[in-house]
Structure formats: C-alpha cells, structure tokens
Amino acid sequence: ILKPLKGIETSTFECLQSWFNQNYTGSIQLLFGVASENDPVCEVVRRLMREHPAANAQLVICDPTLGANAKVSTLIQLEKLAGHDLLIISDADVLAPKDLLTQLAPPFQNPDTGLVNCLYSLANPHTPAMHWEAVAINADFWSQVCQSRILGPMDFALGAVMATTRSWMRKIGGFSALKNHLADDYELGQLIHHQGGKIVLSTVPVECWSSPMTWCEVWHHQLRWAITIRHCKPLPYFFSILSNGTLWPLLWLAAHPSRYSLGTAVVCLCIRIATAANLQQRLTGARPTAAFFWPVLPKDLLQFLLWTFSLFI
C-alpha cells in the first residue's frame, strides 16, 4: 500500500488508521511517503506505527522531487521499496472499509485486469459549500462514470484508491511515466488501457474525509477538476452540459413562459432533486439528510458557470 502524504487534516489519523485495520489474510506492507521529515503528518504515522507494532509499516522521506508532480515523485520512490506484486495507491483522505483489500485483490485472478479502482463519496460535508460539492461527487460524478462505461470500456482511473501490479507498471514504464502529468490517475488508466489492460471498478466505494472548506475553496477545487476533465476528455466534457437537469427546464421556461412550461419545469426540477437523492443513497447506503436537497438546483446553475469558465482557462 503506497500512501503519498503531505500535511494533516482533522481526519488524517482515522483515515490512515483504517489501512492498519484491514480484514485481509495475506501479507500487507504499508509505505508512507513524505517530502520532508518536518511535515507534521510524520508524527501521525509514527504514532500509528507505535500503536500497531506488528504491522509491516515504514515512513519514507522522499526527497528530492523527481518531476513536476510531487505525488508521483513520492510514488516513484515508494515503488522501489515495495515488496509485493500487488500495488495499491491511495490518497491520504480516504477512509477504507475493513473489507477493501479483500475486494480489490480477486479481479487480478484474470490476467487481463490491469487496474482496479473505486468510486468514492464525500463523507463529511461540514459547510454549505461542501454540501454543494457533495451533490457533485455523491450523486453526479459516480453516475457519469457508470454512464461512460455503457458507451465503451473504461480507459481512465479514479485516484482515490487504485490497485495494479508490478508487471503492468513495468509495461508502462513505472510511475516515472507519470511524473510530469497533473492528472496522474487519468494517465495511469490511459497507459494501462493502451497496453491492453482492463480497468475494473470495485464494488466497494470508499469515503473521502475533508476539512471544512469555504465557498472560495470549493469553487477553486471544482474549477480545477473541471479544467482537468476538459483537458483529458475535451469532446465529452463539452457535451456534458446537455445533462444539466436544472439549466434547460429553466431556460425553456424563460424563453416560453406559460402555465404549461411552468408546470413542466416544476416536474423536471422535482425529478432532478429526487434522482440526485436516490443516487446519493445508492452510493453511500444512507438516506440523504435535509441538508442534501437544497443545493441540488443551485449546484446545477453553478455547474454551468464552472463549465463556461473552464472553456476559456
């Protein structure tokens, strides 16, 4: 398990601890990589290592930086220390369910499987801005990923949790092939796909835990995400605006105001809210709270602004 780390958040300890508590009968090696020994996350890792003395865990200072992508630079150096064929790469904010490793490993019994990755949810939307992002992640993003699989084989990876093997990494030139790419997860999936590897979605989603974020922080996060998707998938991203379930009924109502268009718009907007709530429940297994419903329609309108801005940046 390769864990590139930088800094700490309120949930860092619990998220990292979840990887020590896996119900997995095989051997596990945990490699935590940081760029500086002065990073405060080092003490969190050392505490976990003290509390789990039987675990095969190591804190690695990954210096110097090897390329433009600091995360991949850390992975390059961790890969050299990995003692197993199966490599699992995970972001620091992922809280892993106890059965995750037992679900990630079996697909590799098929030699055509090149990478297994996980859908993910935003588990702790503390602020109104994060509730907006929760709609984007917990309802819309994962369903769009599944829609893309209907149109063709998956040729990209989702970076929260990715599993692959040494043999597939050798085929693509190792993590060094990704060191100058910003969207390293997308590129990893692309390279493995082009080598003939099958990209598999795990049946187990993971939770991502984040510190409270302001409207400005969420906006910039969503904008970076939109720009990245536009660069990676320009044509599908351009036409993605057609799926905006709030924008088009409101535009039709504005262009042709009448009782009929008003009634139709109300029905469409209600369906949009109900669908988002259903998708959230299907991903997380929990009923949406009242706080989930109000951002759905504003989120779609803000998404239109994000889509417009991203086209010119």
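Because the model is predicted, local features need pLDDT of at least 70 and side-chain atom pairs count only at pLDDT 80 or more, while totals for chains, interfaces and linings use all residues. Residues are numbered from 1 along each chain as its sequence is written, and side-chain values use heavy atoms, with hydrogens and water left out.

Two packed helices are described by the angle between their axes and the distance between the axes. Helices here are DSSP runs (H or I, at least four residues), strands are runs of E of at least two, and both are numbered from the N terminus. Axes are lines fitted to C-alpha atoms, for helices over the stretch in contact, with angles from 0 to 180 degrees between N-to-C directions. Angles under 35 degrees count as roughly parallel, over 145 as roughly antiparallel, 65 to 115 as roughly perpendicular and the rest as oblique.

Take helix α8 (residues 215-232) and helix α13 (residues 296-310) to begin with: their axes sit 9 Å apart at an angle of about 55 degrees. That makes α8 oblique to α13. In this contact (heavy atoms within 4.5 Å), α8 brings Trp215, Trp219, Gln222, Leu223, Ala226, Ile227 and Arg230, and α13 brings Leu302, Gln303, Leu305, Leu306, Phe309 and Ser310. Sorted by class, that is nine nonpolar, three polar and one charged residues; Ala, Val, Leu, Ile, Met, Phe, Trp, Tyr, Cys and Pro count as nonpolar, Asp, Glu, Lys and Arg as charged, and the others, Gly among them, as polar.

Not counting residues up to four places away in sequence, Trp219 touches Trp132, Leu302, Leu305, Leu306 and Phe309. Trp219 and Leu306 are 87 residues apart in sequence, yet 8.3 Å apart in space, C-alpha to C-alpha.

α13 also packs against α11, at about 100 degrees with the axes 9 Å apart, which makes α11 roughly perpendicular to α13. Here Leu269, Arg272, Ile273 and Ala276 of α11 meet Val296, Leu297, Lys299 and Asp300 of α13. This contact has five nonpolar, no polar and three charged residues.

Helix α10 (residues 247-255) is another partner of α11: the two axes come within 9 Å and cross at roughly 170 degrees, so α10 and α11 are roughly antiparallel. On the α10 side are Pro249, Leu250, Trp252 and Leu253, among them partners for α11 residues including Tyr260, Cys268 and Leu269. The tally is nine nonpolar, two polar and no charged residues.

Next comes the second largest pocket, with about 350 Å³ of space. A pocket, on a 1 Å grid over the protein atoms alone, is an open set of points where a 1.4 Å probe fits, with protein on both sides within 12 Å along at least five of seven lines; lining residues have an atom within 4 Å of a point. Grid points are joined across faces, edges and corners, and the volume is the space filled by probe spheres set on the points. Of its 19 lining residues, Leu122, Ala123, Asn138, Gln280 and Thr284 are the closest to the centre.

Finally, a cis peptide bond, with omega about 10 degrees, joins Asp63 and Pro64. Pro64 is in the loop between β3 (56-61) and α3 (70-79).
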